[in-house]
Structure formats: structure tokens, C-alpha cells
Amino acid sequence: MAEISLNKARTIVRKAIIKGRELELKPLSVVVLDAGGNVKAFEREDGAAPGRFAVAHGKAYGSVMLGMAGAAQMARAEQQDYFMNAVNGLFGGQVVPVPGGVLVRDKRGAVIGAVGVTGDTSDNDAIAAMAGIEAAGLAGEV
């Protein structure tokens, strides 16, 4: 099974934060999870709220565990809130179904992990995540 290397995970984090600075976003927190939902890398910018790890993790965790990016999760929650409530119950409340949770795919299209970014608007968080993923030579699904 393909996976995100530590080097690529660090690149994703670094480049997502750089993109945030370029766009003058609020301080970001960025987490990279492998295909099993385990943390590969995390950073919280100076000035970011301490609880942002849980939000970033929840965005990424829902994406990788459901195989569904944050925007798709949000749409599903709006259409079938009972489904997302049930899923969140199954996963101990760890799912945050909003943009900023981005699936990461390898060159063959296989899901190899997810990125969660939080700190600014959900749409801006997703832009920062995609910048990191692309810088690592991988494909993202928002």
C-alpha cells in the first residue's frame, strides 16, 4: 500500500503555511494523516488557537475515514444530517465535515491520506491545503 512519506508530509505542512502567509490568512494549523488516520505531521502557527489541532484533525480524519473530502461531507451533512451524526457517533465525535479536509491521492489515484487545515475560512483552509499537496507532487480532492 502506498503511503505519504514523512518528507512529503512535512512539505505539505510547510507549503500550506507559506500559502497562508502569501494570502494573509489568519494563523493556520495543518495536519497530515496517513491512509489509516494516523498523524504523520502537524504544525500550529504562532497565534493560532490551541484547540485548532482537534479541528484540523477532525477535517482530515473524516476525509480519510469516509473517503470523502470535506466539501462532499458538508453537502452530505446538509442533505442527510442523520448520516453524518451517525458517522460522528461511530468515530467518537472526531469528524468535522467542512471544507479544509482534503483527500490525498497518489499518481495512480489511490487515497494515501488526508490533510486538514484550519484557522481561516473553510474555503481558504482548503486552498492552503491544496497548495501543500501540490507542492509535494501529490493530488488533492477538496
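Predicted model: local features only at pLDDT ≥ 70, side-chain atom pairs only at ≥ 80, totals over all residues.
1. Helices (H or I, at least four residues) and strands (E, at least two) are DSSP runs, numbered from the N terminus. Counted in this way, the protein has 5 helices and 5 strands. Read from the N terminus, the order of these elements is α-β-β-α-α-α-β-β-α-β. The protein has a radius of gyration of 14 Å, close to the 14 Å that the globule rule gives for 142 residues, so it is as compact as a globular protein of that length. The radius of gyration is taken over C-alpha atoms, and the globule rule is 2.2 Å times the number of residues to the power 0.38.

2. Residues are numbered from 1 along each chain as its sequence is written, and side-chain values use heavy atoms, with hydrogens and water left out.

3. Taken along the principal axes, the box filled by the C-alpha atoms of the protein is roughly 40 × 35 × 20 Å. The accessible surface comes to about 6,800 Å², and 52% of this surface belongs to carbon and sulfur atoms. Accessible areas come from the Shrake-Rupley method with a 1.4 Å probe; for residues, only the protein chains shown count as cover.

4. A residue is called buried under 20% relative accessible area, exposed over 50%, and partly exposed in between (1.4 Å probe, protein chains only). Of the 142 residues, 43% count as buried. Contact means heavy atoms within 4.5 Å. Among the contacts with a separation of 6 or more, 62% are between residues 24 or more positions apart.

5. The protein carries 15 positive and 15 negative charges, and their mean positions are 5 Å apart. In this count Lys and Arg are positive and Asp and Glu negative, whereas His and the chain ends are not counted. The place of a charge is taken as NZ of Lys, CZ of Arg, CG of Asp or CD of Glu.

6. Side chains of opposite charge can pair when their charged atoms come close. A salt bridge is a side-chain nitrogen of Lys or Arg within 4 Å of a carboxyl oxygen of Asp or Glu. By this rule there are 6 salt bridges. One of them joins the side chains of K40 and E3, at 3.6 Å from N to O. K40 lies in strand 2 (residues 39-44) and E3 in the segment before helix 1 (6-22), so this pair ties together parts that are 37 residues apart in sequence. K40 is partly exposed at 25% relative accessibility, and E3 is exposed at 53%.

7. A salt bridge also joins the side chains of E45 and R21, at 2.7 Å from N to O. E45 lies in the loop between strand 2 and helix 2 (52-66) and R21 in helix 1, so the pair ties together parts that are 24 residues apart in sequence. With a relative accessible area of 13%, E45 is buried, whereas R21, with 38%, is partly exposed.

8. In the salt bridge of E141 with R105, the closest N and O atoms are 2.8 Å apart. E141 belongs to strand 5 (residues 139-141) and R105 to strand 3 (residues 101-105), so the pair ties together parts that are 36 residues apart in sequence. E141 is partly exposed, with a relative accessible area of 32%, and R105 is partly exposed, with 23%.

9. The backbone at E24 deserves a remark. Most residues other than glycine have a negative phi. Phi of E24, a residue other than glycine, is positive, near 60°. E24 is found in the loop between helix 1 and strand 1 (29-34) and is exposed, with a relative accessible area of 71%.

10. T11 is found in helix 1 and is buried, with a relative accessible area of 12%. Leaving aside neighbours within four places in sequence, T11 is in contact with A135 and A136. The C-alpha atoms of T11 and L25, which are 14 residues apart along the chain, are separated by 19 Å.

11. A126 has its place in helix 5 (residues 122-135) and is buried, with a relative accessible area of 10%. Residues up to four places away in sequence not being counted, A126 touches G100, V102 and V142. A126 and G101 are 25 residues apart in sequence, and their C-alpha atoms are 6.9 Å apart in space.
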